[in-house]
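Have a look at the structure first, then read on.

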Amino acid sequence: MMKQSAIFSSIATVSILLGITSGGTIAKMAHEEMPSTEPTGEFQPIDQPLWVKGAVTIGGLGLIGLELWWFVFSQPKSRQAATQEGIQEVTITVDGGYEPSQIVVQVGHPVRLNFDRKDPNHCLEAVQLPDFHIAQDLPLNQVTAIEFTPDKPGRYEFTCGMNMFRGVIEAQPATTPQVNGVQG
């Protein structure tokens, strides 16, 4: 969440600086150089200094790069469920999405997902696991446990109440312990 606010504040700062500098350029024009306000019915270009054009281009390319990274190249965080007293357990922080958003569990063993909701966003008030027929409200600043047992390998999605935020539970086949390199 902190990274997102830093990114957005940086974008806002660059936008404000570009607005101030381009406004200053127009303010420095002599009265005779100002474009006429009479409607001519034709397009009239407004020349900008080269550095303003370059700054806008660099800013645009930077925003395109940020969007590509955000939507294409950023990898979801994954976590293997820890087994305690026979139950695979993971705590998922609900704050601007789900963290971790990918959980790896073993098939045939009970799973407990502890949703710790920190975000007051109405969209995150509930979580749904349609493959397990589970819909659960998530009270703010409380941990809510959801238990189920995956019976076959696969990828099972969980979403917020509005289906905007998503996570995945990857159920893998149960492994058998090895004794001296031989499965038993």
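1. Does Glu147 count as buried, partly exposed or exposed? With a relative accessibility of 48%, Glu147 counts as partly exposed, because the exposed class only starts over 50%. Keep in mind that this is a predicted model.

2. Glu147 also has a partner worth a look: its side chain forms a salt bridge with Arg112, at 2.6 Å from N to O. That pair links distant parts of the chain, with Glu147 in strand β9 (residues 143-148) and Arg112 in strand β6, 35 residues apart.

3. Arg112 has another salt bridge, this one to Glu89, where the closest N and O atoms are 3.6 Å apart. Arg112 sits in strand β6 (residues 111-117) and Glu89 in strand β3, so this pair ties together parts that are 23 residues apart in sequence. Put together, Glu89, Arg112 and Glu147 make up a network of salt bridges.

4. Next, Gln88, which is part of strand β3 (residues 87-94). Gln88 counts as buried because its relative accessibility is 2%, and the cut-off for buried is under 20%. Beyond its neighbours within four places in sequence, Gln88 contacts several residues, including Ala81, Thr83, Val105, His109 and Arg112.

5. For the tally, the count of salt bridges comes to 5.

Notes
Residues are numbered from 1 along each chain as its sequence is written. This is a predicted model: local features need pLDDT of at least 70, side-chain atom pairs count only at pLDDT 80 or more; totals for chains, interfaces and linings use all residues. Side-chain values use heavy atoms; hydrogens and water are left out. Helices (H or I, at least four residues) and strands (E, at least two) are DSSP runs, numbered from the N terminus. Buried means under 20% relative accessible area, exposed over 50%, partly exposed in between (1.4 Å probe, protein chains only). Contact means heavy atoms within 4.5 Å. A salt bridge is a side-chain nitrogen of Lys or Arg within 4 Å of a carboxyl oxygen of Asp or Glu.
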